[in-house]
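The following paragraphs guide a new reader through one protein model. Please keep the sequence and the three-dimensional view at hand while reading.

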Amino acid sequence: PGPRGRPMRPRSRAGNRGGSMWALRLVLAAVLAGSFEAAPRRVNYASKEAGALSLGSSPALKGASALLEKNQDKYAIVPCTAEERWVVIGLSEDIMVKSFSMANFEQYSSMFHEVRLLAATTYPTEKWADLGVYAAEFVRGEQTFEVPGGAWARYLKLEFLSHHGVEYYCTLSEVKVHGETLVENLKTDLDDSLTIDELNQHVADMTADIVGASLQSLEEEAASVAADVAAEAMGLVTEKAEAPPATITETPAAVPADEAPAPAAEVASET
């Protein structure tokens, strides 16, 4: 009997076994959580939410900012016969570009076929690194393209060279860009067990790739400013050399009152 005279229920061995198994699962979950790192989050560096910007597009292309949003009801649109079809995207960070994706969800439009991907670390610029031409299939939805070898970039330019379909307008719904930041790329190299010399060289190469173009731009700007200052200085010197000599007017010295000639009236009276 129980403490109040009630008969005690026999404990179920199955119930005890279930509780033990549940406790064991909790312990295993805690161990596994400490043993494995969470899968890295794949960041879209061409997302407006991440800080990416639409910096420019060809004159006939409209709605380029829609490429940075995850909204299937918005899209960039351009006549397929337009002479120029391109967009420039400012990524949210300097990254080693590993891949990019293009998505089109419009049913009644033509689609881009061949796309040239260009990269730069400064903008505006006339020096773009050509990352290759990629061919998209004539299917709706998202298509991903791997960038061989990767490339450091902060700005990407997509040039649309050809298209699928016979519709008048070509559309594109979204562009995604994936890759590694400087820290992530460095961590990958550490995981590859590089020697200290190889690691130092790799860091130097990455730094040169990222800031090289920026330093060159600053040097060109400094040289331009120096040239302007020198030209202005030379102009001042030339103006000074060509200026006529100043005319000096001598003021006659004052004559003392006792030495001043007598007035003509006084001289006449004396005579």
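With which residue does lysine 48 form a salt bridge? The partner is glutamate 69, and the closest N and O atoms are 3.8 Å apart; a salt bridge here is a side-chain nitrogen of Lys or Arg within 4 Å of a carboxyl oxygen of Asp or Glu. The pair links distant parts of the chain, 21 residues apart: lysine 48 is in the loop between helix H1 (13-35) and E1, and glutamate 69 is in the loop between E1 and E2. Lysine 48 is exposed, with a relative accessible area of 53%. In this description, buried means under 20% relative accessible area, exposed means over 50%, and partly exposed lies in between (1.4 Å probe, protein chains only).

The model is predicted: local features need pLDDT of at least 70 and side-chain atom pairs count only at pLDDT 80 or more, whereas totals for chains, interfaces and linings use all residues. Residues are numbered from 1 along each chain as its sequence is written, and side-chain values use heavy atoms, with hydrogens and water left out.

The protein chain has four helices and ten strands. Helices (H or I, at least four residues) and strands (E, at least two) are DSSP runs, numbered from the N terminus. Along the sequence the pattern is α-β-β-β-β-β-β-β-β-β-β-α-α-α. Of the 271 residues, 30% count as buried. Among contacts between residues at least 6 apart in sequence, 76% join residues at least 24 apart; contact means heavy atoms within 4.5 Å.

Of the 19 residues in E3, 16 are buried. Strands count as paired if DSSP finds at least two bridges between them. Phenylalanine 100 has phenylalanine 145 as its bridge partner in E7 and stands opposite valine 177 in E10.

Not counting residues up to four places away in sequence, leucine 91 touches Tyr45, Ala46, Ala52, Val97, Ala153, Arg154, Leu156 and Val177.

Serine 99 lies in strand E3 and is buried, with a relative accessible area of 1%. The side chains of serine 99 and arginine 42 are joined by a polar contact of 3.1 Å. Such a contact is a pair of N or O atoms within 3.5 Å; within protein, one must be able to donate a hydrogen and the other to accept it, and residues adjacent in sequence count only if both atoms are side-chain atoms.

Arginine 85 is placed in the loop between strand E2 (76-79) and strand E3 (86-104). Arginine 85 is buried yet has no salt bridge, and the nearest side chain of opposite charge, glutamate 114, is 8.3 Å away. Lys and Arg count as positive and Asp and Glu as negative, while His and the chain ends are not counted. The side chain of arginine 85 does make a polar contact of 3.4 Å with that of histidine 163.

The structure holds seven salt bridges. One of these joins arginine 154 and aspartate 94 at 3.2 Å, N to O. Arginine 154 is in strand E7 and aspartate 94 in strand E3, 60 residues apart. Arginine 154 is partly exposed, at 24% relative accessible area, and aspartate 94 is partly exposed at 26%. Aspartate 130 forms a salt bridge with arginine 116, with 3.5 Å between the closest N and O atoms. Aspartate 130 is in strand E6 and arginine 116 in strand E5, 14 residues apart. Salt bridges that share partners join Arg116, Asp130, Lys157 and Glu159 into one network.
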